[in-house]
Amino acid sequence: MTVRVRPVVRWLSDCLRFALAMFYWNARKTVYVRRGRRGHCPCHHPSDDPIPGYVRCQAVLLWEQPARFRPVCPLLAKTGHGWCCSVKPEQVRAYWGRVFAWVGIAGVAVYFFTGAAVFTGLRWVSGVPLRPAQVFWPGKWGEIRTAQADTFFAQAIDAFRRGELNEAFLNLVSARQRDPRHYAAGLLLAQITMFEGSAAFSDDLFTRLLREHPAERPRTAVTYHDTLLSLDRLDRVAQLSLEMAVEDSPHAAVWVHSLLAALRRLPDPEPMLSSPAAALARLAPHARMLVEAERRAAAGDRAGAVALLRAPFRGPLNPIYMRQQVERLAGLGERRNAQLLLDFYGPAMGDFEHTVSQFALDAAAGDDWAAQASFRRLLAYPLGPAQVDRLTQLLVRHPQPGCFRELDTRVRALPALREAPVSGGLWAAALLNGAAPEAAHWRAEGRRLMREDYPQIAALDFASRDLTNPASVAHVINTVTLPREIVLALLSRAPPPVRRALP
């Protein structure tokens, strides 16, 4: 073993001598030359006569292989007298160009060996999907931390789906440490911390995400809204919905819908409505009328609310506002007036939306025969993904097992819908309508089309707010891609949490 190791040790010792000698001896020769070559040449042996080919080289006396010094000093030559200098003292000079060349070669070698080690460690040991350019090109080094953050985020998603919230939390924190602006990690971290009870931290993180990622503001607001609604933080839901109704004008009607739903469930909406008067004034006139009706209903002025709602709105009409007005009037016990208002709005709503609202009225009134008749009329219309989502949302809000099976049969028979992203809503509706075989079919379709792993559950648990419970609505809306209206329909079915009395 010693015989094998000794040549390696000798080679390493000469490499160390080489690294030191090329600086030391070139520096001494530079000083010698600048002093006019007076006195003894520093690299010539002091006991030898300064005769070319006979004076021994002082620099290589202790080397294992003196020839290894020649790349730095080409004046070194092997003679019958040993390794000697081939020139007179007057011709000795420094070779800094060779020094810098070797330094460059060594630097490049160290750079690439270090890069290879880093690449191997990150790619094959840590599992970070790096490209060689991200390690070896300095301009792309910033992408390494982003790639590490992406890896931690992927691990967090896997842990989240397994119900391991602590592991998911640690991975998300690690992702944010690598890349503080990692949007997806910040969004999921904000959700998890709110479900874990850290509302102040979560609110602050959501607020920062809204500010720091303006391009993702709609997605952030929707996720924030759904998380708040899952935990029944209705005052904050109403505040956020009002803010977004003013800022996100293309989707203002959807946000007003959420605002009205939150106001309806708040014990006392007056404090929330009294403070942002300026924001309320910026809503569309029809939306302001609906909010005012909610205010009167909450204050016990049912007659005043009905008086506002029963009169058809004469300004610019919006399908969402019209539906809200009709359904709220029916919810206040004015079924006949709601029907009259719906029939008045019918031409403006269009046949399909008119029939949708008719089904909702009939189902809410418990008139199953009329609801089924309305639904069959809906199935007679040309169906695309948007129409399927609307029908699915109806069956989530108002389950009708027979209607669902007819919808399922119709959708499967339409070739144009076989590759459409409608599986998530149909899967959720199948669970609510007790259609286990259909739920299994749409779960498999979701995995095929959307590459999503829907939770394998037999029913949705609306009483649970546990994010780790696969059957809870909180878990489902955070792991399955669902249309916006279906998410709201699912959340509307969840009972408010039991509030514990303070000691």
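This is a predicted model: local features need pLDDT of at least 70, side-chain atom pairs count only at pLDDT 80 or more; totals for chains, interfaces and linings use all residues.
**Stop 1: a hairpin**

Begin by selecting residues 76-79, which make up strand β1, together with residues 82-85, which make up strand β2. These two strands pair in the antiparallel sense, over four bridges. How many residues lie between β1 and β2 in this hairpin? There are two residues between them. Now click on A77 and look across to β2, where C84 is its bridge partner.

**Stop 2: a serine in a helix**

Next, select residues 252-265 to bring up helix α10, and pick out S258 within that helix. Is S258 buried or exposed? S258 has a relative accessible area of 5%, and because buried means under 20%, S258 counts as buried.

**Stop 3: the largest nonpolar core**

Now for the largest nonpolar core, which has 118 residues. Select L283, F375, L391, W427 and L490, the members that touch the most other members. Which helix gives the most to this core? Helix α6 does, with 10 residues, and you can find α6 by selecting residues 183-195.

Stay a moment with F375. Show F359, L391, L395, C403 and L407 around F375: these are its contacts once neighbours within four places in sequence are left aside.

**Stop 4: another core**

Finish by selecting C43, V55, V92 and Y95. They are among the 23 residues of another core, which lies apart from the largest one.

How values were computed:
Residues are numbered from 1 along each chain as its sequence is written. Side-chain values use heavy atoms; hydrogens and water are left out. Buried means under 20% relative accessible area, exposed over 50%, partly exposed in between (1.4 Å probe, protein chains only). Two strands pair if DSSP finds at least two bridges between them. A nonpolar core is a set of buried Ala, Val, Leu, Ile, Met, Phe, Trp, Tyr and Cys residues joined through side-chain atoms within 4.5 Å. Contact means heavy atoms within 4.5 Å.
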